[in-house]
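Please read it with the sequence and the structure at hand.

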Amino acid sequence: MHLILRNATDNDLPAIVDIYNEQILHGTATFHTDPQTLDERVPWFKGLCAEAYPCIVAEISNEESEEKRTVGWCNLWHFKERAAYDATAEISLYVHKDFRGRNIGEKLLARTLEETRKQGVRFHVYCIAAVTTENTRTTKFWAEQGFELMGTIKEVGRKFGRWLDVAYYQMTL
């Protein structure tokens, strides 16, 4: 199998929705609690494109069968939607559960940051990752990628009947 990193297209949205919904239903990487539909994700994707925020997908291709499958994505978006925050973006990174632990996340992150740096200082001077502290594999991931822990907000979200703390990691681009 061969890994390809590329800009996301409309054709990737069904796989993005499936990967995201798995985390909505079974994980704490997102605080959405209801599965998203394709129709709900289209405006999200159009917004990324309209504002030139990078959205990179990881695609696995089988050279023998020529079958391709989107197995992860990484994107930036507004940290907060007020002008004073324009230099800061929040990063989201999701990998299909069957493909975790294969360095796909690291590659997606590197490519997304590379694309972001190409845009210069127009925006994205700072990049923020918000992670539930119970997700120790992910907190370790962000730290290993050079993101610095800036602080933790205690019991800021409630999912699966329990309160969750969120840690904020930051990288200066």
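**Note on the sheet and the aromatic pairs**

1. Asn 7 stands opposite Ile 56 in E2. This is a predicted model, in which local features need pLDDT of at least 70 and side-chain atom pairs count only at pLDDT 80 or more, while totals for chains, interfaces and linings use all residues. Residues are numbered from 1 along each chain as its sequence is written, and side-chain values use heavy atoms, with hydrogens and water left out.

2. Strands E1 and E2 run antiparallel and are joined by 6 bridges. Strands (E, at least two residues) and helices (H or I, at least four) are DSSP runs, numbered from the N terminus; two strands pair if DSSP finds at least two bridges between them.

3. The open sheet holds 7 strands in the order E1-E2-E3-E4-E5-E7-E6, with mixed pairing. Strand E1 (2-7) and strand E6 (148-159) each have a single partner strand and stand at the edges, so one side of each lacks a neighbour in the sheet. On average, neighbouring strands are turned by 25 degrees against each other, direction ignored.

4. Helix H2 packs on this sheet, touching E2 and E3 (contact means heavy atoms within 4.5 Å), and its direction makes about 65 degrees with that of E3. Axes are lines fitted to C-alpha atoms, for helices over the stretch in contact, and angles run from 0 to 180 degrees between N-to-C directions.

5. How many aromatic pairs does a search of the whole structure find? The search finds 9. Rings of Phe, Tyr and Trp (its six-membered ring) pair if their centres lie within 6.5 Å; planes under 30 degrees apart count as stacked, over 60 as edge-to-face and the rest as tilted. The rings of Tyr 20 and Trp 73 are edge-to-face, because their planes stand at 65 degrees, with centres 6.1 Å apart. Tyr 20 lies in helix H1 (residues 13-26) and Trp 73 in strand E3 (residues 68-78), 53 residues apart.

6. The charged end of Arg 41 sits over the ring of Tyr 20, 4.3 Å from its centre; the criterion is CZ of Arg or NZ of Lys within 6 Å of the ring centre and within 35 degrees of the ring normal.
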